[in-house]
Each structure stands twice: as structure tokens, then as C-alpha cells.
Amino acid sequence: PYRRQRQMCIRDSYITTHNCDTYDDDKVVDTISLGSIFIMDSWTRRIVAEYTGRRLTKDFYEITRRLTMYYNAVNNYEQNKKGLFSYYEKVKSLYLLAETPKSLKDEAGTSIIRTGNRKYGTTTTTAVINYGINLILNWLLEEAYGEDANISNVFKIKSKGLLEELIKYNPKHGNYDRIFSLIMLLILVEDRHRIIAVSYTHLTL
């Protein structure tokens with residue numbers, strides 16, 4: 001992680017997300033749903049860390065918490081399942097969770113609630129998923145930071161599992177945990193960029 005002179009990670013240099021297919025249950029029947037977390041360097045817009053797997057729920061929540069702390073990041077989790085919020089609250093780590101991105105109100109008709117556990121994360125709806133898929137497509141085709149022209153982000157993805165899911169993706173069938181994790185990630189990245197753009201506009205007026 002990028003660090004200042006005193007070895008503190010620079011806040012918001014990294015943004016993390018966790019796919020809340022967080023599975024609130026330790027045992028599953030007739031499914032291979034996984035928990036997934038990606039961390040992106042918000043300067044280069046490149047994925048720098050991933051965990052995807054199926055551990056006991058508390059173990060998975062702790063993995064996401066430690067990754068988020070290590071990178072001094074923020075976690076935009078899928079709000080539909082409540083287990084992760086409860087765990088973070090128990091271990092006094094709610095400060096690691098992202099509040100619901102404001103841009104979702106315009107892009108997906110999401111209600112922005114600033115109280116209780118609904119203050120944090122993103123509720124998955126069809127509109128949110130469609131918006132997130134468009135963000136993924138734009139990011140994949142975006143010119144990769146620090147690379148020659150015509151080298152897009154898709155060529156810099158090191159996650160074999162994510163690449164396989166992107167190739168196979170069918171919105172009507174299948175389990176795409178990494179894609180849903182990436183959706184949560186890019187929604188937060190886009191929201192932060194909009195906030196920065198508005199702040200810059202106000203400064204230049």
C-alpha cells in the first residue's frame with residue numbers, strides 16, 4: 001500500500017468491496033456460492049488484492065475486515081445479507097464500511113438512508129446490477145494506467161476466476177460472485193470520482 005513518511009496507509013488510496021453473497025449461513029445446499037472481496041488502487045484503477053472462497057462466515061468476515069484495515073480502505077458490501085454488518089458492529093469496525101453511495105439515487109433509484117444498518121453498503125436490485133454491469137464494461141475497455149496505448153484494463157486482470165466469470169456471464173443463469181463483488185467495487189469508485197469532480201468544480205468557480 002502507498003504510505004506516508006510515518007508508514008500510515010493513505011486513506012482512500014484503496015477501495016475495497018465485498019460481494020455479499022456474504023452468505024450468512026455456514027452450510028449451503030445445492031449451491032456453490034462464494035464470498036468475494038476485491039481491493040482496487042483508486043489511483044491506477046487496478047485490482048491489487050482479492051480473496052474469493054467459502055470459509056465459515058465469521059472467518060470470511062474477518063478476512064474482509066483485515067484486508068480492509070491493511071489497505072486502509074473502505075468496504076462497500078452487498079447489504080441484502082445482514083451478517084457482515086453485525087460482525088463488524090460486534091468487533092467495533094463499522095468505520096470500515098462505506099455508506100450507501102449517493103450516486104445510486106440517480107442511477108438506480110436507490111433510497112439513501114442514513115440511520116441504522118441501512119446506512120451502509122448497497123442493496124442489490126436489478127437496476128443496481130444493470131448499472132454495475134455498465135461500469136464493468138467501461139472499466140474493462142478503459143486504457144490501463146501506465147501502459148502503452150491500446151492496452152486496456154482487461155489485459156491487466158490477474159484473477160483467472162474473474163476472467164472466467166466475465167467470459168461466461170449470463171444474467172439469466174449462473175453464479176457470478178466475483179462479478180457481483182466487482183460491481184460493488186466500481187459503484188463505490190464511481191461515486192468517489194463524482195464527489196471529487198464536484199469538489200474540484202466548486203474550487204475552480
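At what angle do helix α1 and α2 pack, and how far apart are their axes? In this predicted model, residues are numbered from 1 along each chain as its sequence is written, local features need pLDDT of at least 70, side-chain atom pairs count only at pLDDT 80 or more, and totals for chains, interfaces and linings use all residues. Side-chain values use heavy atoms, with hydrogens and water left out.

Two packed helices are described by the angle between their axes and the distance between the axes. Helix α1 (residues 57–70) packs against α2 at about 65°, and the axes are 10 Å apart. Axes here are lines fitted to C-alpha atoms, for helices over the stretch in contact, and angles run from 0 to 180 degrees between N-to-C directions. The α1/α2 crossing is right-handed. A crossing is right-handed if the near helix is turned clockwise from the far one by less than a right angle, and left-handed if anticlockwise. On the α1 side, Lys58, Tyr61, Glu62, Thr64, Arg65 and Thr68 make the contact. Gly83, Leu84, Tyr87, Tyr88 and Lys90 of α2 meet them. Contact means heavy atoms within 4.5 Å.

Helix α1 also holds Ile63. Leaving out residues up to four places away in sequence, Ile63 touches Tyr51 and Arg55.

The protein chain contains 6 helices and 4 strands. Both are DSSP runs numbered from the N terminus: helices are H or I of at least four residues, strands E of at least two. Their order along the sequence is β-β-β-α-β-α-α-α-α-α. Of the 205 residues, 46% are buried, meaning under 20% relative accessible area, with exposed over 50% and partly exposed in between (1.4 Å probe, protein chains only). Among contacts with a separation of 6 or more, 60% join residues 24 or more positions apart.

The aromatic pairs number 7. Rings of Phe, Tyr and Trp (its six-membered ring) pair if their centres lie within 6.5 Å; planes under 30 degrees apart count as stacked, over 60 as edge-to-face and the rest as tilted. Phe60 and Tyr61 have ring centres 6.4 Å apart and planes at 55°, so this pair is tilted. Both residues are buried. Phe85 and Tyr120 also form a tilted pair, because their planes stand at 35° with centres 5.9 Å apart. Phe85 lies in α2 (83–90) and Tyr120 in the loop between α3 (103–108) and α4 (126–141), so the pair ties together parts that are 35 residues apart in sequence. Phe85 is buried at 9% relative accessibility, and Tyr120 is buried at 13%. One aromatic cluster comprises Tyr51, Phe60, Tyr61, Tyr87 and Tyr88.

The largest nonpolar core has 24 residues. Such a core is a set of buried Ala, Val, Leu, Ile, Met, Phe, Trp, Tyr and Cys residues joined through side-chain atoms within 4.5 Å. Ile136, Trp139, Ile179, Leu182, Ile183, Leu186 and Ile187 touch the most other members. At least two residues each come from β2 (35–41), α3, α4 and α6 (177–204). Helix α6 gives the most, with 9 residues. Beyond its neighbours within four places in sequence, Trp139 contacts Met40, Arg45, Ile47, Asn153, Ile157, Leu182 and Leu186. A second, separate core of 17 residues includes Leu67, Tyr88, Leu96 and Leu97.
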